[in-house]
Amino acid sequence: MEELFFSNSALLAAAAVLLSVFLLLSKPRRREPYVPEAKGAWPFIGHLHLLAGPVPSHLVLGKMADRHGAIFAIRMGVHKALVVNSWEIARECLTTNDKVLATRPRSVASEVLSYDYAMFALASYGEHWRSVRRMVMTEVLSNRRLALLQHVRESEVQASIKGLYDHWKENNGQPVEMKKVFGDIVLNIIFRMIVGKRYEDEKDEQARKALRVFFESLGKFLLSDALPYLRWLDIGGHEKEMRDAARELDRAVQGWLDEHRSRRKLEGKRKGEDEDFMDIMISTIDEGRGEQFTDYDADTVIKSTCMSLVLAASDTSMVTMTWALSLLLNNKAIGLTNLKATPLWVLVKPRLPEHLYNV
Ligand code: HEM
């Protein structure tokens, strides 16, 4: 009897322990989300249906911000994204928390067109990104180099203005597509700085076409970026188009690299303002001067970094200039009608104090 009582008590005790463990584990965990999620998400696709509609994304996000405040989350398929709508929070993200937020989203375009994330402008924070960035900042975007290449920027702007004037004369003042004019200026400048030739002088039509696909594709968000398990279907054939463009572009960039190397063999190194960025990278990497790269081979680092800069400089500058001109033309009070104002003054006056621009 005593034995039975003892085993009953043991059973009871064991049951009590199990129950408390169960209660402890099943107790609803009150883990508040860090930021609220915007309403309107659908299963699987999240908020994508709202962003893919006819209303531009910035207006959709603006409406969400009115409702949810200055910081909230949305879901883009399987990925969660943070949306901030206040300069104070944006500053926090780019200063105090910059390391936490220094990853970059992976996408089909980034993988296929960036030599598998060798392009530092698309790579996440890490050793490769740090080394390439350091080299670019000291060798290409330094004040010294920008001053050395001032003549490139000036001559391209002058050539473009002359081209506009000739066009106006020959076509009785027909309108001009300024977006294209700005795009050509920027591409010519950046091509001369990076590979030492004007974009307009590149006769390889296949390479020019591949470059267009390159720019367009890197601005695309594919269904398989949101739902990676659908990637194998390649809906719309975008991935195939990107792979073809990547191959074509690599053929052209490898050609420029080979040209640079053989010219160095024949004519020796170029110096000062004759030296382009590809030359500098060849000196740095082939001759082991400066940074060491371990994640990718030398050719891949050189080609991907050159294309990173072409990508980063082109559409950004072209779109900014087009917007600036459009705002100027549409705002008579501060616009081109103010004959006394220099273009820079006209541009910056409405937003920031003049002394910041030294005008
Ligand atoms: C008005 C024109 C421009 C705008 C609005 C602009 C804007 C930006 C923004 C927002 C980023 C951050 C992207 C990110 O972190 O994912 C960025 C990165 C970058 N930009 Fe620009 N940019 C402009 C012009 C240029 C030019 C002319 C160059 C080079 C000649 C350039 C080179 C770069 C590079 C190399 C990066 C990547 C930096 C890194 O990964 O650390 N940008 N730009």
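Is Leu-101 buried or exposed, and how many other C-beta atoms lie within 10 Å? Leu-101 is exposed, because 12 other C-beta atoms lie within 10 Å; the cut-offs are 20 or more for buried, 12 or fewer for exposed and partly exposed in between, with C-beta atoms placed from the backbone.

1. Basis. The model is predicted: local features need pLDDT of at least 70, side-chain atom pairs count only at pLDDT 80 or more, and totals for chains, interfaces and linings use all residues. Residues are numbered from 1 along each chain as its sequence is written.

2. Overall make-up. The protein has 15 helices and 2 strands, where helices (H or I, at least four residues) and strands (E, at least two) are DSSP runs numbered from the N terminus. Of its 359 residues, 21% count as buried. Among contacts with a separation of 6 or more, 62% join residues 24 or more positions apart; a contact requires C-beta atoms, placed from the backbone, within 7 Å.

3. Ligand shell. The residues around the ligand include Arg-104, Phe-120, Arg-133, Val-136, Leu-309 and Thr-316; a residue is near the ligand if its C-beta atom, placed from the backbone, lies within 6 Å of it. By class the shell has 6 nonpolar, 4 polar and 2 charged residues. Here Ala, Val, Leu, Ile, Met, Phe, Trp, Tyr, Cys and Pro are nonpolar, Asp, Glu, Lys and Arg are charged, and the others, Gly among them, are polar. Helices α6 (127–139) and α14 (298–330) each supply at least two shell residues, and α14 gives the most, with 7.

4. Helix α6. This helix has 13 residues and spans 18 Å from first C-alpha to last, close to the 18 Å expected at 1.5 Å a residue; the expected span is 1.5 Å times one less than the number of residues. Its buried residues are Val-132, Met-135 and Val-136. They cover an arc of only 100 degrees around the axis, which puts them on the same side of α6; the arc is that of the directions from the helix axis to the C-beta atoms. These buried residues pack against α13 (277–286) and α14, while the face turned away from them carries the exposed residues Glu-127 and Met-137.

5. Nonpolar core. The largest nonpolar core has 48 residues, of which Met-119, Ile-190, Ile-194, Met-278 and Cys-306 touch the most other members. Such a core is a set of buried Ala, Val, Leu, Ile, Met, Phe, Trp, Tyr and Cys residues joined through C-beta atoms within 7 Å. Helices supplying at least two residues each include α6, α9 (178–195), α13 and α14, and α9 gives the most, with 10. Not counting residues up to four places away in sequence, Ile-190 touches Leu-309, Val-310, Ala-313 and Ser-314.

6. Leu-101 lies in the loop between α4 (87–94) and α5. Leu-101 and Tyr-125 are 24 residues apart in sequence and 8.9 Å apart in space, C-alpha to C-alpha. Tyr-229, in the loop between α11 (223–226) and α12, counts as exposed because it has 9 C-beta neighbours inside 10 Å.

7. Positive phi. Most residues other than glycine have a negative phi. Asp-116, in the loop between α5 and α6, has a positive phi of about 55 degrees. Tyr-117, in the loop between α5 and α6, has a phi near 70 degrees. Asp-116 is partly exposed, with 14 other C-beta atoms within 10 Å, and Tyr-117 is partly exposed, with 19.

Definitions and conventions
Two residues are in contact if their C-beta atoms, placed from the backbone, lie within 7 Å.
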